[in-house]
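Please open the structure in a viewer and keep the selection tool at hand.

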Amino acid sequence: MRVTGYVAALLAMMMIAGGCKPSESSGGPKGPKMAGGGEVRASVETVEVERGPFAVQGDYAGEFQSDGMAELSSDIAGRVITIEANIGDKVEQGQVLAEVDATPTQQRVRELNASVMMSRASLEESRVQLGNLRSDLGRKEPLLARQMITEREIEELRSQISASEQRVAVAEATIAQNQARLASAREDLRNTKIRAPFDGLVGERYVDRGTYVSPGQTIFRVIDDSDIYVSVRIPERDAPRVQRETPVTLRVGALGSAPLQGKIHRIAPALDPATRSLRVDVVLDDESVRIRPGMYARVSMQLGSVEDAITVSSQAILRERDGTPYVWKVVDGTAHRQEIVLGLVGEQRTQVVEGLDESVSVVLRGHEKLQDGSKVRDINTNAGDDTGAKG
C-alpha cells in the first residue's frame, strides 16, 4: 500500500511537470506582429511622380499708378483769390490753376528793391571816400621823405584807408544779401500763381476760393493719364525667372476681369531688403483701354515651361538644414531618402531635374519617423496586411 502511494504521487508530479512545459512546436515571439501576421509598417500617404508638359505661372496683385502724378501746394501763406480749374478738367503745362493773394508779397518786393538801391548808394559813397583817401596818401607820402609831415599823419591816413576798405566790403556784402532776398521775394511773387507742371487732368481740388492756405498746403492733384502702369511685387523665389520678354496677362476687376495683354515696362535692379521682393512695372498693350490710377489688377506672368518634365507635388519636397532638397521615394513598400535637383518651382508642383523618374511614388505625409529602408504602408490603398488585420 505504501509503495502504491509513492508511485501514485510520482506519477502526479510528472503529469504536472509535463503540463507546465512549453511546447517545442510553438516558437517564442521573434518581433512585432500585426493582428493578421506580418511586420509593422509605417503608415504614409504617397503621391505619384508625373511626367509631361509643365508650366509655371505667377499670379500677383498690383495697383495702377502714374509717374506723372503731382500734388501742387502753395509756397507762401495767403488767401486763395481765384480758382481756375476743377476736378476732371484737362490742363496744359504752365496753365494757371489758382492764385493766392499777392499783395503782401508785392509789398515785400518793393521794400527789398529799395534796400538794394540804398545799399548800392552806400557802396558808391564808400568807394568815393576810399578813392579820396588813397589819393591823399599818394600826395603825402613824398612829403614824409622831405620831413614836411610826420610819420604819425601817414599812419593815421593808412588806418583811415583800411577802415574805408572794410566799409566798402560790408556795403558789397549788404548788396549781395539784399539782392538774394529780392530774388526770393520775386520767386514767391511768381509762386502766388499755382501752375500745372505738365499736361494732364485735375484729379483733386482741396481748397475753395477764399481759403487761407499755409506754405506746403496741398491745393491740387494733377495726373498725367498718358503714362499709367501697374506695379507688382515679385517674391524672391520667382524673381530670377522674370525677364523683360516674360509674357504677361492682366485682369482688372473694374473692367469685368476680361484678360488683357500686357508687357513688362521696368524691372528694379535689386530686391527690396525689407520685403525680399522685386518691383516690376507692367503696362497694357492696348493703350485705348480706359484705366485710371488707383484701380487694382491681377497680373499673371508665365515664368517658364518645359515640354517634357518630371514633376512632383511641392508639399512632398523636404530640405536639409543647408537647404539641400530631398524626398522619400517608395519602392516595393520600402522608403528611401533621395536627394533631388529642382527646376521650375510652382505653387502645387515642382520640376525635378535629377534624382527621380516617373516609375516611383514619393511620401506626401507621414515622413516624420521614417528612416532609410523603413517599411511603409500607403493609406491611399488597401494593403493585404491591412485586410487581414480587419478580417
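**Charges over rings**

Begin by selecting Arg337 and Tyr326: the charged end of Arg337 sits over the ring of Tyr326, 4.4 Å from its centre. Here a charge sits over a ring if NZ of Lys or CZ of Arg is within 6 Å of the ring centre and within 35 degrees of the ring normal. This is a predicted model, in which local features need pLDDT of at least 70 and side-chain atom pairs pLDDT 80 or more, while totals for chains, interfaces and linings use all residues. Residues are numbered from 1 along each chain as its sequence is written, and side-chain values use heavy atoms, with hydrogens and water left out.

Select next Arg266, whose charged end sits over the ring of Tyr229, 4.7 Å from the ring centre.

**The nonpolar cores**

Now display Phe64, Val280, Val282 and Met301, the residues with the most contacts inside the largest nonpolar core, which has 27 residues. Such a core is a set of buried (under 20% relative accessible area, 1.4 Å probe, protein chains only) Ala, Val, Leu, Ile, Met, Phe, Trp, Tyr and Cys residues joined through side-chain atoms within 4.5 Å. Strand 15 (296–313) is one of the elements that give two or more residues to this core, and its five residues form the largest share. Strands are DSSP runs of E, at least two residues long, numbered from the N terminus.

Centre the view on Val282: among the residues that it touches are Tyr229, Leu250 and Met301, contact meaning heavy atoms within 4.5 Å. Then move to a second, separate core of 18 residues, including Val80, Ala85, Val91 and Ala196.

Key. Buried < 20%, exposed > 50% of the residue type's maximum accessible area, 1.4 Å probe, protein only. Helix = DSSP H or I, 4+ residues; strand = E, 2+ residues; numbered from the N terminus. Lists of a residue's contacts leave out its neighbours within four places in sequence.
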